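Here are my notes for your first look at this chain. Keep the structure open and follow the points in order.

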Amino acid sequence: MMTKYPHLRQDFAASLVVFLVALPLCVGVAVASGVPAELGLVTGIVGGIVTGLMRGSSLQVSGPAAGLTVLVFEAVQEFGLPVLGVLVLATGMLQLLMGALKLGRYFRAISVSVVEGMLAGIGLVLIAGQLYSVADAKAPASGLEKIAGLPGALVEAVGNTEALASVGLGAGTIAILVLWKRMPSKVRTIPGPLAAVGLATAAAAVFSLPVATVEVKGLLGSIQPPSLSAFGELADVGVLATIVAFTLIASAESLFSAAAVDRLHDGPRTEYDKELMAQGAGNTVCGVLGALPMTAVIVRSSANVQAGAKTKAARVMHGVWLLLFAALLPATLALIPIPALAGILVHSGWKLIPFRGIVSLWRGHRGEALILVVTAVSIVAVNMFEGVLIGLALSIAKTAWEASHLKLEIIDKGAGPIQAHLSGNATFLRLPKILDSLEALPQDRPVELDLSGLHHLDHACRTALENWAERHSAAGTDPVRVTDPVRVTAP
């Protein structure tokens, strides 16, 4: 047995660690997303057993992720829980298609600043929203309203005994998570999130704290396969936009996580197209079951690697343990205080904000730092989908600007023609600079325009140079002479 499965012991031990890390996170993400807690476990089970069995990244663990919490909550509020299955099913099928077309590798071309800005924006909205749960208050709808209303919510909590108990439990959970890494190594064998939830649950029970707890419906009672009428919502443009957002964000987060996990171990490298198909298969199954969307999750994946996992058996077994827990001990969920889960997600949201990365980018690449910050702020101010689009647009514009590097050198010896040498890439982005310099030349002097140093000349610049040459030649006594591999002509 051990010869056939040489790494069974390591994988078994790692699977238990990942299960203990995943359990509170699956429940917390589900509650924060506005869906039954059991649906988070369903996604974790599918991520372990279905996606875990497939090829792609052998040590990466998938399940419900904090990174999609805000978008899922908005989708459930706008379209209703019955449509969630349709959204996730369509997301999975799109991922399968993209994997089959071998588009997985191209997700690595997405600007890291946009991805980190996306995660930072999600983190900010997640923190703001979950702080209301900590304070036993109802969160406003928009990101800006959440942030603006926080001081008032905290002031109201001070005068309310139940709210104060909730704040104390949530704050204690966050404190445990922050301080856990400083505990003795023997204590840290218990995952921080599990310890925090366990201690908060014990405190709530011992002191009979008046705090909200998780509502339990049962595993089978929570599963809601999408009805035929729910598929009619696919005619809604908003639904289609949400599917695109789910697909892009889940795929990018999974493949970026795979790249990060590859740096943590010396085993087989990720096959990106196959990993995208594995994520698609998992999301397709989650959609059929009406569960949350899944992504690869770096917290669970790094715990898997650090716990000594050697093969994909570890992540599959973690899915089995989640299934057994959901089937045999569902009533245990009803003991978990909501502010404790909110505290875990506040801590998770904080870790999504790349503070060190922003400082590093600002020192060396301020344009990238600006893209990161604008993307994050746009997500908070507008919404997830449009915020990401704004970030992508800025990234493309920045790349185009940098790619259109152009140098214009004017040589005027006082007698004879003026020489104008253009080198680099002449695109429409640099057109105002080119024309301002050329139109400032004396019109009563002949001009020799040397374009031999250009690597690229787009249509807008070609047309503008031809028009300038015509105007200058008509105003002066000599036509513009062009040294021309690109054939700009003058009369």
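**Notes on the predicted model**

1. Start with the whole chain. Of its 491 residues, 49% are buried. Keep in mind that this is a predicted model. The chain holds 20 helices and six strands. Its C-alpha trace spans about 95 × 65 × 55 Å along the principal axes.

2. Next, surface and contacts. The accessible surface of the chain is about 22,500 Å². Carbon and sulfur atoms account for 65% of that surface. Now take the contacts between residues at least 6 apart in sequence: 79% of them join residues at least 24 apart.

3. Turn to a helix pair. Two packed helices are described by the angle between their axes and the distance between the axes. Helix α16 covers residues 355-364, and helix α17 covers residues 366-381. They pack at an angle of about 140°. Their axes lie 6 Å apart.

4. Which residues of α16 and α17 meet? From α16 come Ile358, Leu361, Trp362 and Gly364. From α17 come Arg366, Glu368, Ala369 and Leu372. By class, this contact has five nonpolar residues, one polar and two charged.

5. Stay with α17 and find Thr375, which sits in this helix. Is Thr375 buried or exposed? Thr375 has a relative accessible area of 0%. Buried means under 20%, so Thr375 counts as buried. Leave out residues up to four places away in sequence, and Thr375 touches Val114, Gly117, Met118, Gly387 and Gly391.

6. Now the sheet. Four strands form it, in the order β3-β4-β5-β6. The sheet is open, and its pairing is mixed. At the edges are β3 (406-411) and β6 (481-483), each of which pairs on one side only. Ignoring direction, neighbouring strands are turned by 15° against each other on average.

7. β3 pairs with β4 (residues 418-426) in the antiparallel sense, over six bridges. Where does Leu408 find its bridge partner in β4? The partner is Leu422.

8. Finish with the helices on the sheet. Helix α19 (residues 431-439) lies across β3, β4 and β5 (447-457). α19 runs at about 5° to β3. Helix α20 (residues 459-475) also packs on the sheet, where α20 touches β4 and β5. The direction of α20 makes about 175° with that of β5.

Methods: Residues are numbered from 1 along each chain as its sequence is written. This is a predicted model: local features need pLDDT of at least 70, side-chain atom pairs count only at pLDDT 80 or more; totals for chains, interfaces and linings use all residues. Side-chain values use heavy atoms; hydrogens and water are left out. Axes are lines fitted to C-alpha atoms, for helices over the stretch in contact, and angles run from 0 to 180 degrees between N-to-C directions. Helices (H or I, at least four residues) and strands (E, at least two) are DSSP runs, numbered from the N terminus. Contact means heavy atoms within 4.5 Å. Ala, Val, Leu, Ile, Met, Phe, Trp, Tyr, Cys and Pro count as nonpolar, Asp, Glu, Lys and Arg as charged, and the others, Gly among them, as polar. Two strands pair if DSSP finds at least two bridges between them. Buried means under 20% relative accessible area, exposed over 50%, partly exposed in between (1.4 Å probe, protein chains only). Accessible areas come from the Shrake-Rupley method with a 1.4 Å probe; for residues, only the protein chains shown count as cover.
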